[in-house]
Amino acid sequence: MKKILFFILLGLTITAKAQEGSVEKSMFSVQTGFAGLWLSNELRLSNSIALRSEIGIEYDFAVGDHYDEAGFILQPVITVEPRYYYNLEKRNANGKKTAHNSGNYLSLRTSYHPDWFVINLDDDITKTADLSIIPTWGMKRSIGNHFTYEAGAGLGLRFVFLKANSYNGNAQNVDGFNTTDLQYTPYLHLRIGYVF
């Protein structure tokens, strides 16, 4: 009986230590930064991969020719981002925090800005939707029990879905059909958040 109890306790200890070096099962947070406000969830797919989904409102850094002289605008965003946290086990082995997925990651950030509304855009300018796909490197760290900060950078592609009545200096609209403008787009973020 003592041997069985010993192996159960050993198994629980090993499982607990393995969980410390893996991503959280599910984690909800709210984040803010110099570019907007977001509500997100990270869902564990494996010990080192999490699927991050978020909705928010953010500043658009490269709005393109179709928003000439529009100034500062905020627009909604929906993002899906698989993240590979590649150093959680190493951080855990070195005695560093891994809570709230504190580690470095590689991701494929896919964001969609729908054409629902834009804050601070003149009424005579038509809002266009866009989709960006950006390979990203980032780091995330926890501060205390509920706060996190993260930074990331990447370079990818952005597809702007131009409407037939929108202004664009480059693409041509054919017979009233929508066209797509392809752009290279950098991505930088610095955020602080609260984990629920």
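Guide: One term is needed at the outset: a salt bridge is a side-chain nitrogen of Lys or Arg within 4 Å of a carboxyl oxygen of Asp or Glu. This is a predicted model, in which local features need pLDDT of at least 70 and side-chain atom pairs count only at pLDDT 80 or more, while totals for chains, interfaces and linings use all residues. Residues are numbered from 1 along each chain as its sequence is written, and side-chain values use heavy atoms, with hydrogens and water left out.

Visitor: What is the mean pLDDT of the chain?

Guide: The pLDDT is the predictor's confidence in each residue, from 0 to 100. In this chain 72% of the residues reach 70 or more, and the mean is 81.

Visitor: Over which residues does pLDDT stay under 50 while the model has 23 contacts beyond four places in sequence?

Guide: A contact means heavy atoms within 4.5 Å. A pLDDT under 50, together with 23 contacts beyond four places in sequence, is found over residues 165–177.

Visitor: What pattern does the chain follow along the sequence?

Guide: Helices (H or I, at least four residues) and strands (E, at least two) are DSSP runs, numbered from the N terminus. The chain has two helices and eight strands. Read along the sequence, their pattern is α-β-β-β-β-α-β-β-β-β.

Visitor: What share of the residues of the chain count as buried?

Guide: Buried means under 20% relative accessible area, exposed over 50%, and partly exposed in between (1.4 Å probe, protein chains only). Of the 196 residues of the chain, the buried share is 40%.

Visitor: Which residue forms a salt bridge with Arg83 at 2.8 Å between the closest N and O atoms?

Guide: Arg83 forms a salt bridge with Glu81, where the closest N and O atoms are 3.5 Å apart, and both of these residues are buried. The partner at 2.8 Å is another residue, also in a salt bridge with Arg83: Glu150.

Visitor: How many residues apart in sequence are the parts that Arg83 and Glu150 tie together?

Guide: Both Arg83 and Glu150 are buried. Arg83 lies in strand β4 (residues 74–85) and Glu150 in strand β7 (residues 147–162), so the pair ties together parts whose separation in sequence is 67 residues.

Visitor: Is Arg109 buried or exposed?

Guide: Glu54, its salt-bridge partner, has a relative accessible area of 3%. The relative accessibility of Arg109 is 3%, so Arg109 counts as buried.

Visitor: Which residues make up the largest nonpolar core?

Guide: In soluble globular proteins, nonpolar side chains tend to be buried together. A nonpolar core is a set of buried Ala, Val, Leu, Ile, Met, Phe, Trp, Tyr and Cys residues joined through side-chain atoms within 4.5 Å. The largest one here has five residues: Val23, Ala50, Tyr85, Leu88 and Tyr105.

Visitor: Which residue forms an edge-to-face aromatic pair with Tyr194?

Guide: Rings of Phe, Tyr and Trp (its six-membered ring) pair if their centres lie within 6.5 Å; planes under 30 degrees apart count as stacked, over 60 as edge-to-face and the rest as tilted. The structure holds four aromatic pairs. One of these, 5.5 Å centre to centre and with 75° between the planes, joins Tyr194 to Phe196.

Visitor: Is Tyr194 buried, partly exposed or exposed?

Guide: Tyr194 is found in strand β8 (residues 179–195). Beyond its neighbours within four places in sequence, Tyr194 is in contact with Phe28, Ser29, Val30, His146 and Phe147. Its relative accessible area is 32%, so Tyr194 is partly exposed.

Visitor: What is the relative accessibility of Asn101?

Guide: Asn101 sits in the loop between α2 and β5, and its phi is near 60°, a positive value in a residue other than glycine. Asn101 counts as buried, because its relative accessibility is 0%.
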